[in-house]
Amino acid sequence: MWRRLLKDIHWPFIFSILGLAFVGTIFIHSAAYHDGGTYETKQWFWFFMGIGAMFLVSMVGYRTFLSLAYVLYAVAMVSLIWVHIAGQTRLGAQRWLSLGPIAFQPSEFAKMATILALANFLGSHYRWEKENRIILAAVVLCVLPFLLIVKQPDLGSALLYVPMLVGMFFIWGIRYRYFIGACLAGLLGAPFFWGFLKGYQKERILVFLDPSRDPLGAGYTAIQSQIAVGSGGLFGKGYLAGTQSQLQFVPEHHTDFIFCVIGEEWGFLGAIVILVLYGLLFKTAFAILDHTTDMKAQLLITGVIAVIFTQVFVNLGMTVGLMPITGITLPLVSYGGTSFIMTCVSLGLISSIYQTRSIF
Amino acid sequence: MLRIHTSSDLFSKKLITRFSIFRISVYAGLICLGLGLFRAQLLMGAYFRNLSEQNRIRLVPSEAPRGRVFDSKGNLLATNRPSYDVVAIPEDITPAVISRLGRLLGLKDFEVRKRLTAPREYPFAPAVIKEDISRTLAFQIEERRPELPGVSIRVSFLRSYPYKETASHLIGYIGKISPEEYQWLDHKRYGLNSLIGRMGIERIFDEKLRGMRGGRQMEVNARGELIKVISERMPEPGEDIILTLDLEFQSRIMDLIRIRHASVAVLDLASDSVLVLASSPAFDPNVFVAPGNDQIRLGLIQSEEAPLLDRGVGSAYPPGSVFKLVTALTALETGKITPETRFYCKGLLRLRPGGRPYRCWRQQGHGSLNLYEAIERSCNVYFYNVAKRVSPDDIAHYARQLGLGERMRLEVLNIAPGLVPDSIWKKERFHDKWYQGETLSYAIGQSYLLVSPIQMLRLVAIIAKNGIYAEPHLVMEDTSRSRSPQRVAIREENLKAIKRGMIQVVESDYGTGQLARVDFNKMAGKTGTAQSPPKEPHSWMTGFFPATDPQIAFVVFVEHGGSGGITSAKIVKEMLHIWKELYVAKAA
């Protein structure tokens, strides 16, 4: 059984995952050893838990998860509601539920559950049967977790539902006219939606768009993270030798801003290594996408890639000044138990799609 | 067949196109990131490296001026005054500067070093070396800045309470945030060294008063001099708060009770506004905000006089005879007596022949009394007889109807809920049943019963308003927001009977409260002398004025002040003279 299991594993795919997670963990050490915290030790624990979870998921197979998709989705929604009632507030946002000694972040779980639910739903309907209704139902599936996460408030995580839904609709085969129509509607509806927001919510979005409105918070972080990455140059300052990130100019340097530490200490070459590893991850995921004929599997892969890619793009983009500052983690690299394990689980699903491709 | 075939072919072709569009967008995104990194790390690498080595980007937060607190007449109860602070950026300071600065400020070198190494919110944020220095010293330092690189003078706001202890318990004070609190607060509004309300209005309305802090992000040269401001946000000042309090009335009342451990509260019956809420001994809140003064602060906290305790609100005491009003109402409402029901007082009452004697305060007895006379003379034996007819749970029910035993909604922290005992409470607390003798003590406001002066104030306010519920408040409200008046479930005729008794307390020559009598109008009141062995009893008097169409309700409480009819009644009389001077004379 083990031999068969290992034979069917897509090794380049696994290699990119392990590579990213490994680099992430050693830089969590660099980022956090000054703080005297135990982040690194914990992250090694998550590392093994996550990799284990990934293999377990790929053994169980994605079909089991798809058949449980609505159950998982319901559990996710309940936990998102529960976090509003009993969640812990950290830094002004309610995101965590404590399960014994572990702080669990339901929004991470909800993300994966929503991808599964959407894949199962869209995959079991062809687009030529009542397209309007299907689109509406899929949008509702996304809007529910979106609103609950916006309320936490965690606008950054909530916005990940947009590329997820757009990507999955696109691959599902939504007509271009709907696609373009939806984009236009979104643009035209924005001012209308704006009127509904409260003052502080508007302010948050304005800071999101223009960090210089908030020189004490996001604006400061934006420039300091650019300085950190930029000052790394070609070769970097050397592992553990970064000055910006170590001196705590950049906040959250073991979670959202882990890439600052990598960029500063390993320079452009190290940053390119990370980019190449992500490139390899996407390339192999696309290869698996090409080889499966199961519509649900295609949608599942699309959803996972769309979310991971957006996270990478936003997270790296904000450190080089292409994107505004948001609280989005770098998948597989940033510190964080729930996020790491959930990413591993979703990649395990892709791996299992590769393994079951021979069914046809 | 053919048609289906072509359409599925088309579909799969289309799918391939969609796959490649998806794939190409992802790769394009990665290439964008690569180019961004190329620009940041290689093209601009030298520039950023220079910035990072010199630490050229500085962030200076600026606190918003805190909102002020006014009394109802526009007197400033809490305001801000400018303070000159010496600040220094520790990273820019050389040892020579430390000793030079120390000499100027009269500080030892190690003290300056200690200030420099205190935790800060951002690297290169200025550390405060000395707060609130004199203007001349500030100018001196400003002139000598070339020899003091890294040092500067910052003008900040220092909280100031011009009327010192006059309303100290209500206004409260502010203090520096603790590191633990900082962890849990919104960092947009609270910095590492921000001030936060610690007590009273300052604490309850902290969010409103504090405003939004601002700051500027700037690029400096190697000597720490400003090159350009990168971005800036102006602080938004906090909102002002207007209280219903009347400062002049309050301060003259404070003068009356300064030497005692006492509390006085006056309520405007038309609007439920608290005009006076005085508690003595008080403290000067300025010592909590001005730098230094650690010894005085510690003294205040540890003092046995408990000056930080608001005796009107934060502490509950046995009410003594004032509570007879509740007992009387209970018996009237449950139909156990009428106002004309007579009992004979021979100075004491025994539940059983040869049993323990329950005594009246007047040893020789009051003779035969009806309810009005019993309230007027505060006869214990009359109410012992009433207590024999009612249950403790009935008394508790009406006490709660009148707002005792519950936390009030007043805008004050640490409100004492008091205690209204009943048989269930006794069972839970002592695992014992309620004895009839305890009902006798209950009826005259002793036993386990505890009330705060402000609760008694609300109680008489409800009686004064013929049963319309009173909810005292301290912060000026929108007059537009009118609440529908709620009634307590007590019949008006019974309240009228109680009122008649209360008028006799002051106006009759047998009344226990006659020392409070004033010559310009009639008053209704009730005195109380609550036993508190081994010390002197607590002295109470509460009531409303004028007796018909009342405008104010009041309560006077003197901790271990002796007889209510003497100590408190005298204060009531003086209080009413002040009120007349401030409100009646001015209006006329």
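Begin by selecting B:S378, which sits in the loop between helix 14 (371-377) and helix 15 (380-389) of chain B. Helices here are DSSP runs of H or I with at least four residues, strands are runs of E with at least two, and both are numbered from the N terminus. B:S378 is not a glycine, yet its phi is positive, near 55°.

The model is predicted, and local features need pLDDT of at least 70, side-chain atom pairs count only at pLDDT 80 or more, and totals for chains, interfaces and linings use all residues. Residues are numbered from 1 along each chain as its sequence is written, chains are lettered from A and ligands numbered from 1 in the order in which they are written, and side-chain values use heavy atoms, with hydrogens and water left out.

**Stop 1: helices 15 and 18 of chain B**

Select helix 15 of chain B together with helix 18 (residues 436-443) of chain B. Their axes are 8 Å apart and the packing angle is about 130°. Axes are lines fitted to C-alpha atoms, for helices over the stretch in contact, and angles run from 0 to 180 degrees between N-to-C directions. Helix 15 of chain B and helix 18 of chain B are therefore oblique to each other; angles under 35 degrees count as roughly parallel, over 145 as roughly antiparallel, 65 to 115 as roughly perpendicular and the rest as oblique.

Which residues of helix 15 of chain B meet helix 18 of chain B? Show B:F383, B:Y384, B:A387 and B:K388 from helix 15, and B:Q436, B:T439, B:L440 and B:A443 from helix 18. Contact means heavy atoms within 4.5 Å. This contact of helix 15 with helix 18 of chain B has 5 nonpolar, 2 polar and 1 charged residues. In this classification Ala, Val, Leu, Ile, Met, Phe, Trp, Tyr, Cys and Pro are nonpolar, Asp, Glu, Lys and Arg are charged, and the others, Gly among them, are polar.

**Stop 2: helices 3 and 4 of chain B**

Next, select residues 95-105 (helix 3) and residues 109-116 (helix 4) of chain B, whose axes lie 9 Å apart at an angle of about 110°. That angle makes helix 3 of chain B roughly perpendicular to helix 4 of chain B. Their crossing is right-handed. On helix 3 of chain B, display B:I98, B:S99, B:L101 and B:G102; they meet B:D109, B:V112, B:R113 and B:L116 in helix 4 of chain B. By class, this contact has 4 nonpolar, 2 polar and 2 charged residues.

**Stop 3: two cis peptide bonds in chain B**

Now move to B:S280 and B:P281, where the peptide bond is cis with omega near -5°. B:P281 belongs to the loop between strand 12 (273-280) and helix 11 (286-289) of chain B. Another cis peptide bond joins B:F545 to B:P546, with omega about -15°. The loop that holds B:P546 runs between strand 18 (538-545) and strand 19 (552-558) of chain B.

**Stop 4: helices 5 and 6 of chain A**

Turn to chain A and select helix 5 (residues 69-86) with helix 6, whose axes come within 8 Å and cross at roughly 150°. Helix 5 of chain A is thus roughly antiparallel to helix 6 of chain A. Their crossing is left-handed. By class, the contact of helix 5 with helix 6 of chain A has 16 nonpolar, 4 polar and no charged residues.

Within helix 6 (residues 106-123) of chain A, A:K111 and A:E108 are 3 residues apart, which means a separation of about one helical turn. A:K111 forms a salt bridge with A:E108, the closest N and O atoms being 3.1 Å apart. A salt bridge is a side-chain nitrogen of Lys or Arg within 4 Å of a carboxyl oxygen of Asp or Glu.

**Stop 5: where the chains meet**

Finally, show both chains. The contact takes 47 residues from chain B and 58 residues from chain A. Together the chains bury about 4,600 Å², 70% of it on carbon and sulfur atoms; buried area is the accessible area (1.4 Å probe) that two parts lose on being put together, summed over both. Between chain B and chain A the count is 1 salt bridge. Select B:R23 and A:D290, whose side chains meet in a salt bridge (2.6 Å, N to O).

Conventions:
A crossing is left-handed if the near helix is turned anticlockwise from the far one by less than a right angle, and right-handed if clockwise.
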